Amino acid sequence: MKNLKMQIKLIILVLPLIVALVFSSAFYSSKMNDIANQEEELFYGKLYEVSQDLLNADRDFYQAMVAALEKRNAGDRVTAKLIEQYTLTYNENAAQVLDNVAGAVEIAKKEDSLWNKKGETGITFGETYDKFLASYDEWKAAYNVETAVGNFVTYEEKFEETRERISIMSDIVEEWAKEEDKEIKESIKKTIISTAVIFVIVSVVLLIFALLVSRTIAKSMKDMTHRIEVLAKNDLSQREPDTGQKDEIGQMMKAFATMQENLTGVIGTLKNTTDDLAKSCEVLDQNTDAASISMKDINTAAGELARTATQQAGDV
């Protein structure tokens with residue numbers, strides 16, 4: 001780490017955060033997209049189709065019963081063609097009841113949670129479907145609409161019983177949809193929590209990493225500051241060990257060490273030059289003293305010579 005440049009250290013400090021944010025965003029978006037697809041499939045696919053098939057079955061069943069009642073109540077007061085129309089309407093709607101319920105059952109069988117879902121009566125969707133078929137057959141057998149033979153009271157009772165089976169299946173589907181929606185919301189909650197946990201873990205890891213990087217940078221700056229303070233006190237005797245750093249701070253520390261060595265060399269050269277100059281001055285002082293003594297001797301001799309010459313002149 002200490003051999004990396006400051007720019008690279010800062011990039012290393014920031015890059016993991018960016019990667020973590022991108023990964024977390026992608027993970028969160030993927031999960032939310034999956035949940036959205038599940039909810040769309042649930043409410044706009046399975047729930048809508050099953051509910052619509054059962055609703056259509058209930059409507060067709062009611063229309064078949066209405067046609068049967070109209071034919072029975074018409075008696076001989078209507079034309080044969082109208083009787084035939086009542087019979088045709090009855091048969092078509094009765095057949096569509098089975099088709100629509102079969103469509104709902106086909107979808108429900110693909111979902112075990114729906115097929116095995118129990119309603120308020122304590123029986124599952126699949127069991128309710130079996131009871132529906134049994135009631136439907138009993139309804140059809142109770143009264144022959146075409147021949148008007150059978151027990152119409154039983155026919156009406158079986159109609160209500162069969163229609164109740166359709167209603168129970170619809171209620172089970174509605175309750176199943178609520179539970180599925182609850183599970184989806186729980187899944188969303190778990191996704192949010194897991195994403196938050198990932199963010200916390202990543203944040204802690206990045207914090208530790210940032211502390212390590214900042215500690216390395218701070219130590220380098222502290223060493224650099226110490227060297228400058230020592231140099232500011234005119235102390236060139238201390239030598240800091242080479243840390244081996246190859247970043248900008250390491251290069252500055254090497255430059256200061258070189259400057260310290262150069263200053264030490266210059267000061268040493270100045271000291272030697274000063275010592276030589278002091279010795280030269282000392283020799284010059286000695287020569288000057290000797291010259292002064294010589295001048296005194298010369299002056300003394302000249303005085304003696306002058307006195308001798310004066311004396312000789314007086315004797316003459």
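How exposed is Glu174, and what is its relative accessible area? Glu174 is partly exposed, with a relative accessible area of 44%. Here buried means under 20% relative accessible area, exposed means over 50%, and partly exposed lies in between (1.4 Å probe, protein chains only). The model is a predicted one: local features need pLDDT of at least 70, side-chain atom pairs count only at pLDDT 80 or more, and totals for chains, interfaces and linings use all residues. Residues are numbered from 1 along each chain as its sequence is written, and side-chain values use heavy atoms, with hydrogens and water left out.

The overall layout comes first. The secondary structure of the protein chain comes to six helices and two strands. Helices (H or I, at least four residues) and strands (E, at least two) are DSSP runs, numbered from the N terminus. From the N terminus on, the order of elements is α-α-α-α-β-β-α-α. The protein chain has 316 residues, of which 27% count as buried.

Glu174 lies in helix H5, which covers residues 152-232. On the surface, a patch of negative charge gathers Glu120, Glu156, Glu157, Glu160, Glu164, Asp171, Glu174 and Glu175. Patches are made of residues with over 30% relative accessible area and no salt bridge; like charges are joined within 9 Å, and nonpolar side chains (Val, Leu, Ile, Met, Phe, Trp, Tyr) within 5 Å. Lys and Arg count as positive and Asp and Glu as negative, while His and the chain ends are not counted. The place of a charge is taken as NZ of Lys, CZ of Arg, CG of Asp or CD of Glu. A nonpolar surface patch of about 360 Å² is made by Leu15, Ile18, Val19 and Val22. Accessible areas come from the Shrake-Rupley method with a 1.4 Å probe, and for residues only the protein chains shown count as cover. Val19 lies in helix H1.

The whole structure holds 13 aromatic pairs. Rings of Phe, Tyr and Trp (its six-membered ring) pair if their centres lie within 6.5 Å; planes under 30 degrees apart count as stacked, over 60 as edge-to-face and the rest as tilted. Phe61 and Phe159 form a tilted pair, at 4.6 Å centre to centre and with 35 degrees between the planes. Phe61 lies in helix H1 (residues 6-74) and Phe159 in helix H5, so the pair ties together parts that are 98 residues apart in sequence. Phe61 is buried, at a relative accessible area of 0%. Phe159 also counts as buried, at 5% relative accessibility. Trp115 and Tyr129 form another tilted pair, with 6.5 Å centre to centre and 55 degrees between the planes. Trp115 lies in helix H3 (residues 112-115) and Tyr129 in helix H4 (residues 125-142), so this pair ties together parts that are 14 residues apart in sequence. Both Trp115 and Tyr129 are buried. One aromatic cluster includes Phe61, Trp115, Tyr129 and Phe159, and among its other members are Tyr90, Phe125 and Trp139.

Charged side chains also pair. A salt bridge is a side-chain nitrogen of Lys or Arg within 4 Å of a carboxyl oxygen of Asp or Glu. By this rule the count comes to six salt bridges. Glu179 forms one with Lys117, where the closest N and O atoms are 2.3 Å apart. This pair links distant parts of the chain: Glu179 is in helix H5, Lys117 in the loop between H3 and H4, and they are 62 residues apart. Glu179 is partly exposed, at 33%, whereas Lys117 is buried, at 13%.

Lys158 forms a salt bridge with Glu138, the closest N and O atoms being 2.6 Å apart. Lys158 lies in helix H5 and Glu138 in helix H4, so the pair ties together parts that are 20 residues apart in sequence. Glu138 counts as partly exposed, at 37% relative accessibility. Arg165 forms a salt bridge with Glu161, with 4.0 Å between the closest N and O atoms. Both lie in helix H5, four residues apart, about one turn of the helix. Arg165 counts as buried, at 19% relative accessibility. Glu161 is partly exposed, at 28%. A network of salt bridges links Glu138, Lys158, Glu161 and Arg165.

One backbone feature remains. Most residues other than glycine have a negative phi. Phi of Ala148 is near 60 degrees, a positive value. Ala148 lies in the loop between strand S1 (143-144) and strand S2 (149-150). Ala148 is partly exposed, with a relative accessible area of 44%.
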